[in-house]
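Here is a friendly tour of a two-part protein model. Keep the 3D view open beside you and follow along, topic by topic.

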Amino acid sequence: MAILEIKNVSKFFGGLAANSNVSFSVEEGTIMGLIGPNGAGKTTLFNCITGYYPPSKGEVLFDGRRMNGLQPDKVCKLGMVRTWQKVRPLAKLSVVDNVMVGALARTSSLKTAREMAMEQLKVVRMEHRADFLAGGLPIGERKKLEVARALATQPKLLLLDEVMGGLNPAESEEIIGLILDIKKHGLTQMVIEHDMKAIMRISDRIVVLTSGEKLTEGTPQEVVSNQDVIDAYLGESHA
Amino acid sequence: MNKTILKALIGLIVLAALLAVPRYVDSPYALHMMILLFLSVSQGQSWNILGGYAGQHSVGHAAYFGVGAYTTMMLMHAKQVVPWVGVWAGMAAVVVVALIIGSICFRLRGPYFVLASIAVAEIMRLSAINLTTLTNGAEGILATEIPAFKIGETVVTEFLTKVPFYYIGLFLALLTIAVTYWVQHSKLGYYFQAIREDQDAAHSLGIHIAVYKNIGLVISAVLTSLAGSFYGIYVGFVDPPTVLGLDVSVQIMLICIIGGMGTLWGPVLGSLILVPLSEALRSNMITDLLVKIGLVSVDSKVGVFLKENLAHAHVLLYGILVVLVILFMPDGLMGFVKKLAARRHREAV
């Protein structure tokens with residue numbers, strides 16, 4: 001069953017079409033990869049899905065419900081949460097307090113929220129950092145904190161925006177393991193990523209965007225062997 | 001000894017001492033200083049909830065202070081309404097004002113919000129000057145006769161000495177500290193701080209930004225209005241510049257900036273510094289001190305110069321202090337203390 005359906009979504013900024021007529025759907029329990037060159041409109045699409053921008057045209061259906069015009073907080077309450085390409089830690093709060101803010105979307109008790117937060121910190125293997133200030137973490141841990149905080153809101157669909165960007169190979173490997181772990185728990189994910197090897201490994205299906213339009217969609221194998229994708233994005237070496 | 005028990009013990013001792021002060025201190029001046037201190041704590045703490053925790057740096061808190069003060073004073077002056085009743089009217093009026101201001105200003109962020117908050121307070125000040133039938137305009141309202149609060153024939157409160165004001169002020173300061181403590185240890189506090197640290201991230205985590213900002217504003221404004229009513233009744237006089245002026249807003253902010261924004265004890269610390277300091281500067285204590293320790297003689301040119309000018313320069317000195325604190329302790333005194341404690345902790349480890 002499709003948990004997320006994107007139907008002919010367009011987003012215009014003045015005369016510029018950041019997204020035009022993008023349609024695809026994400027099946028429950030799978031990982032959808034979203035790739036494309038810089039400026040292809042990947043993050044804009046995330047913003048349209050999660051309520052930061054209203055789509056100019058088309059509609060977004062989540063769990064069969066029309067999401068257009070809903071604010072991000074409402075989107076989160078309904079079970080869809082995103083992380084940020086440029087990480088946004090709540091710098092002056094401790095790591096566990098950051099994650100608690102996410103958990104408080106589901107409970108009003110600080111005690112329960114703290115327990116939920118510690119659980120998520122275990123998932124990303126950061127329990128030992130619980131009392132550190134979020135602003136003092138290195139980039140690798142900031143990225144994991146983003147994921148833990150998003151998971152603490154108990155989403156049905158997790159949208160990860162370049163969660164491996166800027167990480168070294170070992171850190172990326174850890175994140176890949178984490179994403180696959182999350183999938184095992186049945187959580188649907190949509191992942192924007194530039195690292196082709198990584199996205200090939202984790203995705204069940206991949207959507208390719210260029211200049212705001214959907215170029216193609218398919219399994220990782222189909223996508224890398226597609227001549228248009230090679231021309232637009234991958235270059236000769238992947239052929 | 002257990003740290004929490006120690007803290008509770010210190011708290012109890014301080015509280016007992018504060019409660020006992022009027023029994024042993026007769027000097028109206030000393031009581032007056034304490035009342036000013038309590039007033040400052042409650043003002044700073046009220047601002048702290050919105051400015052310190054939620055990060056919405058309002059430079060228009062005079063609006064709430066003044067509306068609270070004016071409402072209570074107008075009712076007392078024109079209708080002989082007892083202040084105990086008048087404060088509730090003040091708070092109700094302030095809630096209305098706050099929600100109107102919030103729904104407009106919270107569409108703006110950062111410096112734009114600051115400018116809007118200044119503008120709103122100025123509108124309030126100008127309204128108070130011009131709505132002469134209600135507010136008596138620039139002349140202000142003088143109401144030194146406080147009607148006694150009677151139930152049947154029994155007089156419950158009279159305000160003949162400073163002592164009742166002392167206890168009310170103390171209660172107000174403790175109330176605002178308690179409210180801040182409660183905010184800090186509840187979902188509200190977490191949501192406020194999330195909004196302060198990163199509004200977009202907070203939004204994505206299920207926080208309805210406008211709702212929580214307005215909750216913060218209403219709590220903050222109601223407490224500020226209580227402080228305003230208290231000030232009005234205590235001084236017995238309100239006019240537009242003293243309760244609605246821009247410097248009132250700035251003064252309220254400074255308590256937190258100097259003490260440490262977004263900390264429970266910051267406004268207390270800030271008040272402990274600013275209240276005596278501004279009093280010392282105003283009453284020329286510094287010149288007296290310099291004379292006493294023999295640095296300058298009263299009759300010398302310098303002495304005469306200082307005596308004549310220093311009192312007038314108190315705003316200037318005050319400004320210099322603020323600049324120094326902001327330069328060297330950007331997180332206020334509480335931030336500075338915490339940093340020192342952390343450093344000592346690191347060295348110990």
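**Helix 2 and helix 10 of chain B**

- Helix 2 of chain B covers residues 28-53 and helix 10 of chain B covers residues 209-235; the two pack at an angle of about 165 degrees, with their axes 7 Å apart.
- Angles over 145 degrees count as roughly antiparallel, and helix 2 and helix 10 of chain B are therefore roughly antiparallel to each other.
- On the helix 2 side of chain B, the residues making the contact include Ile35(B), Leu39(B), Trp47(B) and Leu50(B).
- Helix 10 of chain B contributes, among others, Leu217(B), Leu223(B), Phe230(B) and Tyr234(B) to this contact.
- Sorted by class, the contact of helix 2 with helix 10 of chain B has 12 nonpolar, six polar and no charged residues.

**Helix 3 and helix 10 of chain B**

- Helix 3 of chain B (residues 62-79) also packs with helix 10 of chain B, at an angle of about 50 degrees and with the axes 7 Å apart.
- That angle makes helix 3 of chain B oblique to helix 10 of chain B.
- Here the crossing of helix 3 and helix 10 of chain B is right-handed.
- From helix 3 of chain B, the contact residues include Tyr64(B), Phe65(B), Gly66(B) and Met73(B).
- From helix 10 of chain B, they include Ala221(B), Gly228(B), Gly232(B) and Ile233(B).
- The contact of helix 3 with helix 10 of chain B divides into 10 nonpolar, eight polar and no charged residues.
- Look out for Thr224(B), Ala227(B) and Tyr231(B), which take part in the contact with helix 2 of chain B and also in the contact with helix 3 of chain B.

**The two chains**

- Chain A has nine helices and 10 strands.
- The radius of gyration of chain A is 18 Å, close to the 18 Å that the globule rule gives for 239 residues, so chain A is as compact as a globular protein of that length.
- Along the principal axes, the C-alpha atoms of chain A fill a box of roughly 50 × 40 × 35 Å.
- Chain B has 17 helices and four strands.
- A compact globule of 349 residues would have a radius of gyration near 20 Å, and the 21 Å of chain B agrees with this.
- The box for the C-alpha atoms of chain B is roughly 65 × 65 × 45 Å along the principal axes.

**Where the chains meet**

**How confident is the predictor?**

- The complex receives an ipTM of 0.91 and a pTM of 0.90 from the predictor.
- Chain A has a mean pLDDT of 91, with 97% of its residues at 70 or more.
- Among the elements of chain A, helix 9 (residues 227-234) has the lowest mean pLDDT (78) and helix 3 (residues 95-103) the highest (96).
- Chain B has a mean pLDDT of 88, and 97% of its residues reach 70 or more.
- Among the elements of chain B, strand 3 (residues 154-157) has the lowest mean pLDDT (67) and helix 8 (residues 187-197) the highest (96).
- Where pLDDT is low, the predicted coordinates should not be read in detail.

Technical notes: Residues are numbered from 1 along each chain as its sequence is written. Chains are lettered from A and ligands numbered from 1 in the order in which they are written. This is a predicted model: local features need pLDDT of at least 70, side-chain atom pairs count only at pLDDT 80 or more; totals for chains, interfaces and linings use all residues. Axes are lines fitted to C-alpha atoms, for helices over the stretch in contact, and angles run from 0 to 180 degrees between N-to-C directions. Angles under 35 degrees count as roughly parallel, over 145 as roughly antiparallel, 65 to 115 as roughly perpendicular and the rest as oblique. Two residues are in contact if their C-beta atoms, placed from the backbone, lie within 7 Å. Ala, Val, Leu, Ile, Met, Phe, Trp, Tyr, Cys and Pro count as nonpolar, Asp, Glu, Lys and Arg as charged, and the others, Gly among them, as polar. pLDDT is the predictor's confidence in each residue, from 0 to 100. The radius of gyration is taken over C-alpha atoms; the globule rule is 2.2 Å times the number of residues to the power 0.38. A crossing is left-handed if the near helix is turned anticlockwise from the far one by less than a right angle, and right-handed if clockwise.
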